[in-house]
Amino acid sequence: MDLKFTPEEHAFREEVRHFFRTAVPESIRRKVLEGQHLTRQEIVASQRILNEKGWAVPNWPVEWGGQTWTPVQVYLYQDEMQQAGVPAPLGFNTSMVGPVIAEFGSQAQKQRFLARAANLDDWWCQGFSEPGAGSDLASLRTKAERVGDTWVINGQKTWTTLAQHADWIFVLCRTNPTAKKQEGISFILCDMKTPGIKVRPIETIDGGHEVNEVFFDDVVVPYENLVGQENKGWDCAKFLLGNERTGIARVGTSKARLKRIRELAKLERVGDRPLIEDQKFREKLAAVEIELKALEMTQLRIVADERGRQKGKPNPASSILKLKGSVIQQATTELMLEVAGPYAMPYVASDEGDGRNEPGYGPDYAAGAAPTYFNWRKISIYGGSNEIQRNIVAKAILGF
Amino acid sequence: MDFDFSDDQRLLKDSVDRLIADRYDFEQRKKYANEPDGWSRDMWARYAELGLLGLPFPEAAGGFGGGPVETMTVMEAFGRGLVLEPYFATVTLGGGLLRHAGSERQQAALLPQVAAGELKLAFAHVERQSRYDLQDVGVTATRDGAGWLLNGEKSVVLHGDSADKLLVTARTGGSRRDPGGIGVFLVDATAGGVSRRGYPTQDGLRGAEVSFANARAEDVLGDPGGALPAVQRVADEAIAALCAEAVGGMAAMHALTVDYMKTRKQFGRAIGEFQVLQHRAVDNFVALEQARSMAMYATMMAASDDAAERRQAVSAAKVQIGRSGRHIGQEAVQLHGGIAMTMEYKVGHYFKRMTMIEMLFGDTDQHLAVVAGGGGLF
């Protein structure tokens with residue numbers, strides 16, 4: 001039992017750290033670390049830098065651009081990426097539709113979509129949630145009817161993240177209305193330019209535009225856009241939702257944020273002392289650090305354990321990563337809000353998420369403090385809310 | 001990076017786990033508690049046979065050269081069994097002081113006796129005013145010819161009543177809270193001028209109030225005025241060991257609670273079918289896994305020679321253990337309901353031990369302040 005990494009692992013960490021901090025522009029990384037929205041161009045540029053290096057989709061099969069990294073290497077890659085503020089490769093492409101196509105798709109689909117997804121030539125978005133199907137996703141009602149060699153899709157999706165940037169959408173559709181609810185669903189790919197698709201922005205409480213409603217009105221797509229078998233789309237959805245295991249804790253992101261909070265708390269003053277010397281504040285900071293250290297250890301235990309574990313049989317402890325990781329990320333936003341103090345108050349409109357064009361009203365970092373706090377409440381809601389995660393643990397681990 | 005046990009560690013774990021499973025169920029524990037010492041001499045002999053009493057000692061001193069991982073393995077099993085014997089007091093604390101402050105001669109004279117189960121030790125350190133401050137020492141040691149005479153009072157000396165020898169912190173110079181001027185003295189527990197009042201602690205273990213009135217020390221460990229770093233080091237190792245014990249207890253308490261929820265029926269069904277209770281059990285599981293992670297972290301950092309880094313890690317772990325232990329303990333009692341309020345049911349005893357562990361070597365707030373005063377864990 002030993003916390004030390006091997007010399008090879010150390011070298012790998014240095015290699016990824018160096019690359020992330022030199023190849024990806026500082027301007028992009030700074031925005032990520034401060035929780036600001038990136039432009040489409042910035043996200044694309046960053047992913048292409050990674051892809052050129054062969055590091056955009058390490059989790060994919062090797063023949064489609066993946067790496068043969070050990071679980072420890074995957075961990076180090078994610079940790080360094082998050083700590084450097086490098087935007088994660090677009091999850092809809094790299095950990096959702098890509099792996100699903102690689103696992104369930106036809107050879108033609110793989111050839112047509114995978115390389116483009118890795119390079120962000122196609123921007124994908126996720127058509128899962130509906131107004132009436134949130135936590136109970138399988139109750140979704142958007143339907144696809146087979147008409148000749150096509151599907152005709154009608155219905156509505158919601159919470160569709162960055163649909164305004166997307167070229168394609170993967171949609172869970174009901175294809176057999178009479179079957180049991182999980183058994184009549186199919187996983188279908190749609191070009192966003194197809195007539196009948198309409199995207200309506202949803203403004204979130206932070207004033208940002210990340211999510212959208214997507215309406216389907218007699219949208220006709222080729223039958224061959226079905227992934228896997230008809231009515232077996234739920235298998236794809238489950239595979240997709242179970243895919244991201246360790247990265248979801250975003251330990252590296254929280255580490256970087258806590259370091260930044262500590263730096264800023266040395267600069268902000270309370271009375272005649274730096275905020276960091278305020279006992280109450282620094283105990284709150286320490287409490288979050290301890291939770292994060294525990295989560296980092298939990299994550300390392302899982303990573304170490306993956307070496308000897310069968311694929312597809314996750315360590316039971318992995319289910320706590322999202323539960324705990326989400327709450328810790330949110331706690332960092334509360335601390336940042338407190339650091340910003342009165343200058344958390346001015347609202348600076350962002351131009352479609354394209355950076356802030358007006359001059360600021362206080363320290364640069366402060367403008368993002370409140371919006372990030374508001375925005376990150378989503379983390380314990382999306383990807384299976386924390387209550388759904390508890391249901392899963394109760395059933396799968398505790399045996400209720 | 002590796003969380004696996006070596007083959008030897010696995011063997012150790014198997015044998016200790018088996019011992020506790022076979023010899024330390026709740027009924028057996030009650031019997032041991034009713035023996036004259038408040039613990040089992042027979043079990044003590046078994047620990048000696050298995051080599052547990054010499055586990056962390058150097059091989060040259062009759063030990064097995066085990067490190068923090070070996071101690072963790074034993075303490076976790078002992079936590080599960082709610083072990084009553086003075087293992088922590090004798091091996092972790094007393095043995096730790098001999099290892100870190102004692103000379104080779106002192107180690108060679110005493111550690112083999114400890115390993116053989118023939119010598120029980122206790123660490124007389126806490127005082128009425130000191131609470132958790134390791135450098136707050138009021139007991140005095142004054143030169144008397146070639147030796148030392150001790151005067152003053154020590155509080156809540158764990159297993160102080162059954163110890164054969166006491167390791168006593170006493171001041172040879174400086175004022176009450178000076179880091180310098182502290183020595184560790186070896187005192188025969190039956191020496192003239194030593195008086196002890198033993199009592200049960202809330203968790204069914206034992207403590208004693210010990211006073212010294214011109215009591216003559218047998219020996220002094222190392223520098224009579226420079227023992228604080230060794231005491232701090234032993235405290236850090238002790239905290240790592242307590243964290244492991246707490247994890248054993250929390251895991252057992254959690255498992256009992258989940259089992260109970262599956263069998264206890266109300267409103268015509270198992271109470272574990274109620275989602276509101278399931279989610280609380282899940283939160284206990286999360287608290288347990290976070291605590292386990294931090295106990296491992298403390299274990300792996302406990303042998304670090306960098307005192308500041310070690311202290312931060314150990315304090316962070318103690319905070320996590322304190323919080324998880326309190327949460328799981330209270331929830332285990334609540335989820336069981338009335339039965340957990342009774343002496344005859346096991347869960348309440350785990351709850352009590354967790355509570356006492358939180359009070360040992362610094363409580364949650366004290367360790368949180370240590371972490372808060374450091375430069376950050378990342």
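**From contacts to chains**

In this predicted model, among the contacts in chain A between residues at least 6 apart in sequence, 71% join residues that are at least 24 apart. Chain A contains 12 helices and 10 strands. The radius of gyration of chain A is 22 Å, close to the 21 Å that the globule rule gives for 400 residues, so chain A is as compact as a globular protein of that length. Taken along the principal axes, the C-alpha atoms of chain A fill a box of roughly 75 × 50 × 45 Å, and 45% of the 400 residues of this chain count as buried.

Strand 2, which covers residues 143-147 of chain A, pairs with strand 3, residues 150-157 of chain A, in the antiparallel sense over 5 bridges. These two strands of chain A form a hairpin with 2 residues between them, and A:Val147 has A:Thr150 in strand 3 as its bridge partner. Within the turn, A:Gly148 has a positive phi of about 60°.

Turning to chain B, the domain assignment divides the chain into domain 1 (7-119), domain 2 (123-225) and domain 3 (229-373). The C-alpha centres of domain 2 and domain 3 of chain B lie 30 Å apart, and 9 residues of domain 2 of chain B are in contact with 12 residues of domain 3 of chain B. By class, the side of domain 2 of chain B that touches domain 3 of chain B has 3 nonpolar, 5 polar and 1 charged residues. An unreviewed UniProt entry places the feature "domain: Acyl-CoA oxidase/dehydrogenase middle" at residues 122-210 of chain B. Over residues 122-210 of chain B, the chain is 0% helix and 47% strand, with end C-alpha atoms that are 11 Å apart.

The contact between the two chains remains to be described. Here 31 residues of chain B are in contact with 34 residues of chain A. On the side of chain B that touches chain A, helix 8 (275-301), helix 9 (307-336) and helix 11 (364-373) of chain B each supply at least two residues, and the largest share, 13 residues, comes from helix 8 of chain B. When this side of chain B is sorted by class, it has 21 nonpolar, 7 polar and 3 charged residues.

Technical notes. Residues are numbered from 1 along each chain as its sequence is written. Chains are lettered from A and ligands numbered from 1 in the order in which they are written. This is a predicted model: local features need pLDDT of at least 70, side-chain atom pairs count only at pLDDT 80 or more; totals for chains, interfaces and linings use all residues. Domain bounds come from an automatic or database domain assignment. Two residues are in contact if their C-beta atoms, placed from the backbone, lie within 7 Å. Ala, Val, Leu, Ile, Met, Phe, Trp, Tyr, Cys and Pro count as nonpolar, Asp, Glu, Lys and Arg as charged, and the others, Gly among them, as polar. Helices (H or I, at least four residues) and strands (E, at least two) are DSSP runs, numbered from the N terminus. Two strands pair if DSSP finds at least two bridges between them. UniProt positions are given in the numbering used here, feature names are shortened, and annotations may be inferred rather than shown by experiment. The radius of gyration is taken over C-alpha atoms; the globule rule is 2.2 Å times the number of residues to the power 0.38. A residue is buried if 20 or more other C-beta atoms lie within 10 Å of its own, exposed if 12 or fewer, and partly exposed in between; C-beta atoms are placed from the backbone.
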